Amino acid sequence: MIVRIMGEGQVRLADSRLAELNTLDDELLAEMETGDGPGFRATLQALLAKVRELGEPLPDDALEPSDLILPSPDATLEDVRALLSDDGLIPGA
């Protein structure tokens, strides 16, 4: 699976790793629903850090279609709400 972090680039992530991200995704969704800005910011940073940790960066000149697009580290609650599906940022995880 190819994951794009907006403003940063892409990483290749094994589908088997999605379950590890799902807990953070669920936490992020709950914080968005309650409007917990500081919690949202911390969890978004943790989610993106985990993607970077688990994924293998693609070269900057690679133009692979992204299977999953995640917000940039400085995204606001409103920005992320626009990206959410019913399953959160990581559908089907």
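**Figure 1. Order of elements along the chain.** From the N terminus on, the elements run β-β-α-α-β-β-α. That makes three helices and four strands in the chain. The model shown is predicted.

**Figure 2. The whole chain.** The chain has 93 residues and a radius of gyration of 12 Å, which agrees with the value near 12 Å for a compact globule. Along the principal axes, the C-alpha atoms fill a box of roughly 40 × 25 × 20 Å. Of the 93 residues, 39% count as buried; buried here means under 20% relative accessible area. Among contacts with a separation of 6 or more, 68% come from residues 24 or more positions apart.

**Figure 3. Surface and charge.** The accessible surface of the chain comes to about 5200 Å². Carbon and sulfur atoms hold 51% of that surface. The chain carries 7 positive and 20 negative charges.

Figure 4. Strand S1 covers residues 2-5, and strand S2 covers residues 9-12. The two run antiparallel and are joined by four bridges. Ile2 has Arg12 in S2 as its bridge partner. Three residues lie between the strands of this hairpin. In the turn, Gly7 has a positive phi of about 85°.

**Figure 5. The S2-S3 pairing.** Strand S3 consists of residues 56-57. S3 pairs with S2 in the antiparallel sense, over two bridges. Opposite Val11 stands Pro57 in S3.

**Figure 6. The S1-S4 pairing.** Strand S4 spans 68-70. S1 and S4 pair in the parallel sense, and three bridges link them. Val3 stands opposite Leu68 in S4.

Figure 7. The four strands form an open sheet in the order S3-S2-S1-S4. The pairing is mixed: S1 and S4 are parallel, whereas S1 and S2 are antiparallel. S3 and S4 stand at the edges. Each of these has a single partner strand, so one side of each is left without a neighbour in the sheet. For S3 the partner is S2; for S4 the partner is S1. When following side chains across the view, recall that in a regular strand they alternate between the two faces of the sheet.

Notes: Residues are numbered from 1 along each chain as its sequence is written. This is a predicted model: local features need pLDDT of at least 70, side-chain atom pairs count only at pLDDT 80 or more; totals for chains, interfaces and linings use all residues. Side-chain values use heavy atoms; hydrogens and water are left out. The radius of gyration is taken over C-alpha atoms; the globule rule is 2.2 Å times the number of residues to the power 0.38. Buried means under 20% relative accessible area, exposed over 50%, partly exposed in between (1.4 Å probe, protein chains only). Contact means heavy atoms within 4.5 Å. Accessible areas come from the Shrake-Rupley method with a 1.4 Å probe; for residues, only the protein chains shown count as cover. Lys and Arg count as positive and Asp and Glu as negative; His and the chain ends are not counted. The place of a charge is taken as NZ of Lys, CZ of Arg, CG of Asp or CD of Glu. Two strands pair if DSSP finds at least two bridges between them.
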